[in-house]
Every structure is written in structure tokens, then in C-alpha cells.
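Thank you for sending the model and its sequence for comment. My remarks are set out below as numbered points, to be read beside the structure.

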Amino acid sequence: ITQVVAAKGVDLKTGEAVNPVSRFSKIDTAIYVVLTLKNPKVGTKVEYVRYLNGKFLDHGNLTMSKANTNNVSFNWTLKKPGLVHLAGNYRVKVYTNGVFEKEINYIVQ
């Protein structure tokens with residue numbers, strides 16, 4: 001993992017972050033964490049652990065299914081009208097095959 005950014009969108013063709021930011025509104029439709037990779041092998045497992053205000057919130061993972069994938073992302077979307085993201089300070093730690101790589105912080109207000 002060469003780079004990790006938070007963003008409000010992702011380019012559907014390249015998987016690159018669109019509008020990278022470190023602050024989000026509680027009503028933003030989606031929050032993305034985009035990982036830039038360097039030649040991952042098929043079968044490589046990429047995972048995240050997310051914290052809110054210093055406490056464990058959730059985690060997830062994906063396994064690389066195609067060679068030459070340079071960008072992957074995790075996202076948290078508001079699925080129903082009226083829902084909001086929890087306000088606070090978030091930290092997302094990312095791992096490759098169980099090995100810690102990088103972390104990023106963002107704020108929801």
C-alpha cells in the first residue's frame with residue numbers, strides 16, 4: 001500500500017479518489033477510504049480496522065481477484081434518507097495479509 005486517502009467519491013474507471021478530504025459532514029452520502037497499491041498479487045488480502053473517538057468501530061476486508069489492480073476502496077454509505085454518519089474523530093488502519101501498512105484519520109462533523 002503506497003497511499004491511503006479519504007474521499008467523497010471514487011472514479012469508477014480507475015478506482016482513484018475523487019475530492020480527497022479529511023473532513024466530512026454527517027449527511028455526506030458516502031465516505032471512502034482509497035488505497036493505492038503497488039502490483040498486488042491475486043489472492044492478496046487487504047483489510048481495515050476503523051475506530052471512532054479511539055474505540056473500535058468495525059472492520060472489513062477484500063481479497064484481490066484481478067492482477068494489475070492499482071486502487072481499491074472501502075466505503076460507508078448512508079443507505080436510507082434521514083440516516084447520518086456518527087460525528088467524531090475516525091482512524092482507519094489498513095493491513096496487507098495481516099501486516100499493518102498505514103493509517104489515516106478523518107473527521108465527521
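The points below go from the origin of the values to the strands, and then to the pocket and selected residues.

1. Basis of the note. This is a predicted model, in which local features need pLDDT of at least 70 and side-chain atom pairs count only at pLDDT 80 or more, while totals for chains, interfaces and linings use all residues. Residues are numbered from 1 along each chain as its sequence is written, and side-chain values use heavy atoms, with hydrogens and water left out.

2. Strand S1. Strands here are DSSP runs of E with at least two residues, numbered from the N terminus. Two strands count as paired if DSSP finds at least two bridges between them.

3. The hairpin of S1 and S2. Strand S2 (residues 17–20) also runs antiparallel to S1, with 3 bridges between them, and Val10 is placed opposite Ala17. The hairpin has 6 residues between the strands, and Gly15 has a positive phi near 80°.

4. The largest pocket. What is the volume of the largest pocket? The value is about 170 Å³, taken as the space filled by probe spheres set on grid points that are joined across faces, edges and corners. A pocket is an open set of points on a 1 Å grid over the protein atoms alone, where a 1.4 Å probe fits and with protein on both sides within 12 Å along at least five of seven lines, and lining residues have an atom within 4 Å of a point. The lining includes Arg50, Trp76, His85 and Tyr90.

5. Tyr90. The C-alpha atoms of Tyr90 and Leu52 are separated by 4.6 Å, although the two residues lie 38 residues apart along the chain. Beyond residues up to four places away in sequence, Tyr90 touches residues including Tyr51, His85 and Ile104, where contact means heavy atoms within 4.5 Å.

6. His85. Also in the pocket lining, His85 lies in the loop between strand S7 (71–77) and S8. His85 is buried because its relative accessible area is 9%. The backbone oxygen of Asp28 is reached by the side chain of His85 at 2.9 Å, and the contacts of His85 outside four places in sequence include Ser25, Ile31, Trp76 and Tyr90.

7. Tyr51. Strand S5 (residues 45–52) holds Tyr51, which counts as buried because its relative accessibility is 17%. Among the contacts of Tyr51, leaving aside neighbours within four places in sequence, are Phe56, Asn89 and Tyr90.

Conventions: Helix = DSSP H or I, 4+ residues; strand = E, 2+ residues; numbered from the N terminus. Buried < 20%, exposed > 50% of the residue type's maximum accessible area, 1.4 Å probe, protein only. Polar contact = N/O pair within 3.5 Å; in protein donor to acceptor, adjacent residues only side chain to side chain.
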